[in-house]
Amino acid sequence: MNKVIMMSLNIDLFYFINNGLANPFFDAIMPILCDCGGFVTLLALCILAILVLKYYLKNEKYLKIAKMCLYALVISGIIAACLKLAYQSPRPFMQLEHVRQLVVPTEPNSFPSGHTSSSVSVVTVLVWCLRDKKILITLLIAFAILIAFARVYVGVHYPFDVVVGAAVGVVSGAVVLKLKA
């Protein structure tokens, strides 16, 4: 596919999600949901899980999983930050008209989605380590997909930003799993 077609598809998908699916319920819930996948939020949760598992529950199996989640999160954060600096791609509301911007991003670069890479990196580790817990896995995957969707819905990422963010997350999680297994 050539670059013009890819950009056109990216913009068309963005408008479909950001404008075409607009409704009061999503307008209320998506800004809250999209922040749940942020690096700082997940970092705090990983650290809290490590502390609780180490000092209160003394569960070595889940402590190891929590540490792997933290490592995957940090790796994905570094990769996403490097890509953002390298590409410096403006966010949709900075380039397009009629964007429904429901949140204020902390920095101007759109590519890739750091929230998506963060949430997918942690979910990748959890899905692999907890693969016998089918309902939990389904909920974790749904969580990661909703984070990615929410980032486009609130107007701060293009669809391809979240696709690449998800790929960064999967690779980060897989690297940690390979090294720790």
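**Notebook: salt bridges and a helix contact**

I looked up Lys 133 and found that it forms a salt bridge (a side-chain nitrogen of Lys or Arg within 4 Å of a carboxyl oxygen of Asp or Glu) with Asp 132, the closest N and O atoms being 4.0 Å apart. Lys 133 is partly exposed at 34% relative accessible area, whereas Asp 132 is exposed at 59%; buried means under 20%, exposed over 50% and partly exposed in between, with a 1.4 Å probe and protein chains only.

I note that this is a predicted model, in which local features need pLDDT of at least 70 and side-chain atom pairs count only at pLDDT 80 or more, while totals for chains, interfaces and linings use all residues. Residues are numbered from 1 along each chain as its sequence is written, and side-chain values use heavy atoms, with hydrogens and water left out.

I searched the whole structure and found four salt bridges. One of them joins the side chains of Arg 100 and Asp 27 at 2.3 Å, N to O, and this pair links distant parts of the chain, 73 residues apart. Arg 100 is buried at 18% relative accessibility, and Asp 27 is partly exposed at 29%.

I then checked Glu 107, which forms a salt bridge with Arg 91, with 3.2 Å between the closest N and O atoms. Arg 91 is buried at 3%, while Glu 107 is partly exposed at 24%.

Last, I looked up Ser 119, which is buried with a relative accessible area of 1% and touches, among others, Gly 37, Leu 42 and Phe 143, contact meaning heavy atoms within 4.5 Å.

Terms used
Helices (H or I, at least four residues) and strands (E, at least two) are DSSP runs, numbered from the N terminus. Lists of a residue's contacts leave out its neighbours within four places in sequence.
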